[in-house]
Each structure stands twice: as structure tokens, then as C-alpha cells.
Amino acid sequence: RGVALGLFSPDLGHDYQPQLEEIAALGATHVAVVVTYFQHDVFSNEIFADKRRTPTRTSIERTLGTAKQLGLSTMLFPYVRVDKKHEPSHWRGTLQPSNRDEWYRSYTLWIQSMAQIAHLQEVDILSLGSEMSTMDVDTKRWVDITRVARTQYRGKIIYSANWDHYERVGFWSELDLIGLTGYFELVPPAERDPSLQQIVEGWREWHGRLMRWQARQGRPLLMTEVGYRSNDGAAAFPWRWGEDDHQVDLEEQRRLYEGFARVWSGEPRLGGVFFWNWWGEGGPQCHDYTPRNKPAADVLRRWLAGELTSG
């Protein structure tokens, strides 16, 4: 029963204790601490910490330590963002490094450093990355990355596949948990104001597919991200972020949270879920994913308390 917290403050020394206290008060058992690193563009070969946007190691360790003090189990969730997009479609899911050997060397060193932090902070789960669809098909490379991480860290290891790519990842057998981001398209694009029943029907279809896939893998399924912008159209394109051309729609976001709960509450084969994302002020004029100060937060609180039932 988790909530993600992005370390996204422009103040790299920001103290995230207030947000962690809110997450604990919601009733969460776990928090995913999200750490962003960068590469220059989809063709570059180096993963780097941006001086303006990547939290310091001190901040990462302090956040993980505070979470533990508050009784929250932790997942360290590092991921890569592309700094410069030559095409609108460029993102970490479309990487094409000019030298794959160099890219994997850089990536492995980065994950090794994250594994060291995870070990020192007694993190419960370490993610090896997220949504890298053009790269996570290199099975042997990722087997090697997993084994390097295990030399530094003894806890559970997961990888987070993109919602439309999880069946093409070839190294699930090396991991303790199978993971994916849950931005499934639940209604047709033309449906601008879906009902709760339409959302439930969309999730039921994906529920069946995911449970069949989970059975084949024989490992617990953890949804590393489930979230929706409070925007008109969020049910059709949950993965579309950073675009505010649609009208704020707090009710659609609330229905999307409730639709998820109606399908997944009480499902014993779901190993867990992290809702995306508690960073941001939220409120009635906010387009973004955060449920803070929005009706969706009440649904989230009830889910975390086990008060919502399927149906």
C-alpha cells in the first residue's frame, strides 16, 4: 500500500519530512523515493546528475532515513530523463545511444551507486530503472546489471517496465518482483467524460491480462506507478504528462482512483501498488498527477485503510 514521492524540489537540499508525514498519515505502508538522473539526449551514452534537478546524495539518504523513522518501508526508485528532445516523441522509452557498450557502462555504474545507497539505508526494494523500452530488450545486459546490484545490496530487486512493453522484457527471472507502470488506456480517445462503470470495465480487461502474465512469471506483481492527472481526458491517456491544454477535471481523477480500487481491492495476486505522485501542492486548479488537496486523496486514503471493496 504505497505512495510515490518524487524528490523534485528545485531546492536540492529540500527537507521532504512534511510530505513523508502526510504519506504516513494517509495510512501508507510503503513510500517510493523517486530520484531523477539525466542523459543529454536519446543518442548520448552518459547518465549524469544534473546540478539543478538531481537531489544530492545527502538529500536522498535523509529522505530514506526519515521514511524509516516514520514507520514506512522504502523503495528507492531511480529513473532517467532525457534533457534535450530533438523530436516530441523522444523520452527514456526511445533511447538509441550511439554506443551501447558505453551507455551500459555508465548505467551500470549509476545503478551500482544506487545499490550502495539502498544497502546503507536498509531500503526494502531497489528498482533498476523504469520504462526503458528500447533498452530493456537487451536481456544479457540487464542480467549483468542485476548481478552487479546484488553485489552491493541484499534486499529485493525490481524493474519497472512500461505499461505497453512488460511482456517483451526478458530478465524477469533474475528479479524478486515484477514491476510495471500502470498507465493503461482505459477508454477510447473520443470518450471525454467516462463514467465510473466505463473505467471499471477498462480496468477489468487489463486485470485479466495482467493476472495471466503474472501467473506465467511466478513472481509477485508490483505496480510501481498508478496515477492520473486531474485533467479532462486522463482516462484515455493516463501517461500524457506536462500538457495543460485540457480542462482541469478533479472528478475524472477521483473516478479513476475509485475505478482502480473497485477492480483491484482484495486481489491477493497483486503484490503492491505505488500511487503517483505526492509531490506538488495540488488543489482545485492543479492539472498534475498529485492527489494532494483533491477529492482523489479521499479515495486513496480509503484504499490504504482497506475500506474499499471490489465490485
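In this predicted model, the axes of helix α3 (residues 100-120) and helix α4 (residues 139-152) come within 8 Å and cross at roughly 30 degrees. Because angles under 35 degrees count as roughly parallel, α3 is described as roughly parallel to α4. On the side of α3, the contact is made by Arg100, Asp101, Tyr104, Tyr107, Thr108, Ile111, Gln112, Ala115, Gln116 and His119, while α4 contributes Arg141, Trp142, Ile145, Val148, Ala149 and Gln152. The crossing in which α3 passes α4 is right-handed.

Some residues of this helix contact, including Tyr104 and Tyr107 of α3 and Trp142 of α4, also belong to an aromatic cluster. The cluster is formed by Tyr37, Trp103, Tyr104, Tyr107, Trp110, Trp142, Tyr159, Tyr166, Phe171, Trp172 and Trp213.

Across the whole structure, a search finds 32 aromatic pairs. One of the pairs joins phenylalanine 260 and phenylalanine 275, whose ring centres are 5.5 Å apart and whose planes stand at 85 degrees to each other, an edge-to-face arrangement. This pair links distant parts of the chain, since phenylalanine 260 lies in helix α6 (residues 250-264) and phenylalanine 275 in strand β8 (residues 270-275), 15 residues apart. Both phenylalanine 260 and phenylalanine 275 are buried.

The backbone deserves a separate look. Most residues other than glycine have a negative phi, and most peptide bonds are trans. Against that background, the peptide bond from tryptophan 276 to asparagine 277 is cis, with omega near 5 degrees, and asparagine 277 is found in the loop between β8 and α7 (295-304).

That loop between β8 and α7 also holds asparagine 293, a residue other than glycine whose phi has a positive value, near 60 degrees. Glutamate 131, likewise not a glycine, has a positive phi near 60 degrees, and lies in the loop between β4 (125-130) and α4.

Notes:
Residues are numbered from 1 along each chain as its sequence is written. This is a predicted model: local features need pLDDT of at least 70, side-chain atom pairs count only at pLDDT 80 or more; totals for chains, interfaces and linings use all residues. Side-chain values use heavy atoms; hydrogens and water are left out. Rings of Phe, Tyr and Trp (its six-membered ring) pair if their centres lie within 6.5 Å; planes under 30 degrees apart count as stacked, over 60 as edge-to-face and the rest as tilted. Helices (H or I, at least four residues) and strands (E, at least two) are DSSP runs, numbered from the N terminus. Buried means under 20% relative accessible area, exposed over 50%, partly exposed in between (1.4 Å probe, protein chains only). Axes are lines fitted to C-alpha atoms, for helices over the stretch in contact, and angles run from 0 to 180 degrees between N-to-C directions. Angles under 35 degrees count as roughly parallel, over 145 as roughly antiparallel, 65 to 115 as roughly perpendicular and the rest as oblique. A crossing is left-handed if the near helix is turned anticlockwise from the far one by less than a right angle, and right-handed if clockwise. Contact means heavy atoms within 4.5 Å.
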